Amino acid sequence: RRVLFRSPTSPMHTDRYGIPTPTSGDFLTPEALLIPVNVFDARGYRIGYGGGYFDRTLASLQSTTLTIGVGFELARVDSIEPEEHDLPLAAIVTEAGVFVGRREAGTPPPG
């Protein structure tokens with residue numbers, strides 16, 4: 001399933017969960033995304049909230065989208081043991097600063 005984004009000027013409708021959702025407008029590819037992290041590692045891999053929504057979003061986007069994780073320094077671990085479907089973030093921002101992952105683009109996760 002492809003994740004689609006709409007223009008910020010799109011008309012909105014409140015969905016059944018109370019979330020404003022675009023009803024029409026031009027589709028676009030975002031230049032950057034801020035993504036929550038519960039746990040992250042030195043290569044930029046993350047563990048999120050368990051639904052896989054961001055993983056599917058990242059997989060559907062063009063590689064030109066800058067992906068930035070936002071979390072707390074206490075969530076840093078040596079490795080999350082990434083799986084084949086996991087994609088690393090370009091950078092992660094915590095209260096300690098900005099961290100850029102060490103994994104080279106196009107390199108498959110270990111396993």
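Author: **The core and its surroundings**

The largest nonpolar core has 11 residues: L33, I35, V37, F40, A42, L58, L61, A75, L89, I92 and F99. A nonpolar core here is a set of buried Ala, Val, Leu, Ile, Met, Phe, Trp, Tyr and Cys residues joined through side-chain atoms within 4.5 Å. Buried means under 20% relative accessible area, exposed over 50%, and partly exposed in between, with a 1.4 Å probe and protein chains only. In soluble globular proteins, nonpolar side chains tend to be buried together.

The model is predicted: local features need pLDDT of at least 70, side-chain atom pairs count only at pLDDT 80 or more, and totals for chains, interfaces and linings use all residues. Residues are numbered from 1 along each chain as its sequence is written, and side-chain values use heavy atoms, with hydrogens and water left out.

Strand 5 (residues 32–36) runs parallel to strand 8 (residues 66–70), and 5 bridges join them. Strands (E, at least two residues) and helices (H or I, at least four) are DSSP runs numbered from the N terminus; two strands pair if DSSP finds at least two bridges between them. P36 has V70 as its bridge partner in strand 8. Strand 8 is also joined to strand 9 (residues 91–94), again parallel, by 3 bridges, and there G69 is partnered with I92.

V37 touches R46, I47, G69, V70, G71, L89 and I92, not counting residues up to four places away in sequence; contact means heavy atoms within 4.5 Å.

R46 lies in strand 7 and is buried, with a relative accessible area of 7%. Its side chain reaches the backbone oxygen of P36 at 3.1 Å. Beyond four places in sequence, the contacts of R46 include I35, V37, F40 and L89.

Helix 1 (residues 53–60) has D55, T57, L58 and S60 buried. The buried residues of this helix pack against strand 1 (5–6), strand 5, strand 7 (46–47) and strand 8.

The structure holds 1 aromatic pair. F40 and F99 form this pair, which is tilted, with 6.2 Å centre to centre and 45° between the planes. Rings of Phe, Tyr and Trp (its six-membered ring) pair if their centres lie within 6.5 Å; planes under 30 degrees apart count as stacked, over 60 as edge-to-face and the rest as tilted. The pair links distant parts of the chain, F40 in strand 6 (residues 39–40) and F99 in strand 10 (residues 97–100), 59 residues apart. Both F40 and F99 are buried.

Technical notes
A polar contact is a pair of N or O atoms within 3.5 Å; within protein, one must be able to donate a hydrogen and the other to accept it, and residues adjacent in sequence count only if both atoms are side-chain atoms.
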